[in-house]
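Please open the model in your viewer and keep the selection tool at hand. The stops below go from one selection to the next, with a note on what is found at each.

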Amino acid sequence: MEQQTNIQDSNASNRKQDHIQLAFQAQVSTQQIDDRFYYEPLLAAHPNKNLTSKRFLNKTIQTPIWVSSMTGGTEKAYQINHNLAQACAHFKMGMSLGSCRSLLDSNDRLPDFDLRKILGDDVPFYANLGIAQIEILLDQNNVHKITELIDKLQADGLIVHINPLQEWLQPEGDKIKYPPIDTLKRLIDVLKTNIIVKEVGQGFGKRSLKELLELPIQAIEFAAHGGTNFSKLELLRNQTEKQSLYDSIANIGHSATEMVSFINDILKENNGTLQQDKEFIISGGIKNFLDGYYLMSKLHANSIYGQASTLLKYAEQSYDALHQYLDAQIEGLKLAQAFLKAK
């Protein structure tokens, strides 16, 4: 006799009652449709495997999320950075530090940044300095301090953040004497390490991106307009007339979507004449896995996506809160890869 499969649902009654009660709350208008994707429900089963690992920054990562430059030098920074590092080790994802300027001449705050033992050797991990500090170190013939910084952190390289507007608006900011592109070229000539270049919340225009793509750097991080904007942040700190006078300039910049388009155009226009092996960290206004998945799908180069303030929020709460958030992001990415195709 053929065995029958029991497909009875013991929770059906409760679920149907929920459907009745929540039906009106679940109404969605056509204006709410996310039109970035084709939804293809016929072409895959529910994902039940891990995300596919990929090579990025000369290492193998399991999760295409980057912990964008965070914080250091404060009492809270120690626990925040250690929570982030623990998550990166667990989920096999990369991490960059906040500005390491305080470590150039002192090890007082080194415990905030000394994370390699937590991360392990397989996770990409980068130190971070601003272009103004790089400029000063070059003028003083103190580039050896950068090498010492990278060595003491056991970092894989250096992120240089480009922030002329932030420095201009910061009450105690440094004035930049040279075009940052010239300083970067000088740095590359004397510093033999992997270099990533990023903005700090307003992104890069097309001409700046083309200049960066012509340099022998390892990667570019967007830090596009739409996420944490450090020019805006400095204005909020500024109690002088600058706060009202320069408020509008904090709204200048480029979105991550626009920067993806810029890079695709540049690569197409200069096929064969630019260094084509650049990698990209798409950050700035990435609110969730759908934003990250869409932009990675649209960029014609090897990329991952980065988050800063969202990860900071959960890392400040607890490691468990951060772990749960990232676990949900990963499940969302798996779902997106199975059923969504970027238009």
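Begin by selecting N83, L84, Q86, A87, H90 and F91 in helix α2, which meet Y319, L322, H323, L326, D327 and I330 in helix α15, contact here meaning heavy atoms within 4.5 Å. The residues of this contact divide into 7 nonpolar, 4 polar and 1 charged, where Ala, Val, Leu, Ile, Met, Phe, Trp, Tyr, Cys and Pro count as nonpolar, Asp, Glu, Lys and Arg as charged, and the others, Gly among them, as polar. If you now show α2 (residues 77-91) and α15 (residues 319-339) whole, their axes come within 10 Å and cross at roughly 40°, the axes being lines fitted to C-alpha atoms, for helices over the stretch in contact, with angles that run from 0 to 180 degrees between N-to-C directions. The crossing is right-handed, that is, the near helix is turned clockwise from the far one by less than a right angle.

Before moving on, bear in mind that this is a predicted model, in which local features need pLDDT of at least 70 and side-chain atom pairs count only at pLDDT 80 or more, while totals for chains, interfaces and linings use all residues. Residues are numbered from 1 along each chain as its sequence is written, and side-chain values use heavy atoms, with hydrogens and water left out.

Zoom out to the whole chain, whose secondary structure comes to 15 helices and 12 strands, these being DSSP runs (H or I, at least four residues, for helices; E, at least two, for strands) numbered from the N terminus. Of its 343 residues, 46% count as buried, which means under 20% relative accessible area, as against over 50% for exposed and in between for partly exposed (1.4 Å probe, protein chains only). Among contacts between residues at least 6 apart in sequence, 76% join residues at least 24 apart.

Next, select I146, L153, L158 and I282, which touch the most other members of the 79-residue largest nonpolar core, a core being a set of buried Ala, Val, Leu, Ile, Met, Phe, Trp, Tyr and Cys residues joined through side-chain atoms within 4.5 Å. Centre on L158: leaving aside residues up to four places away in sequence, the residues that L158 touches include Y126, L129, I134, I146, L187 and I196.

Now colour S303, which lies in strand β11 (residues 303-307). Which residues does S303 touch, not counting those up to four places away in sequence? They are K54, F56, F280, I282 and M296, and S303 counts as buried because its relative accessible area is 3%.

For two backbone details, select L57 and then N141. L57 has a positive phi of about 55° although it is not a glycine, and its place is in the loop between β2 (54-56) and β3 (59-61). N141 likewise has a positive phi of about 55° without being a glycine, and is found in the loop between α5 (131-139) and α6 (144-153). Are these residues buried or exposed? L57 is buried, at a relative accessible area of 3%, whereas N141, at 65%, is exposed.

Finish at E214, in the loop between α9 (206-213) and β9 (219-221), which is partly exposed at 39% relative accessible area. The C-alpha atom of E214 is separated by 5.7 Å from that of L274, 60 residues apart along the chain.
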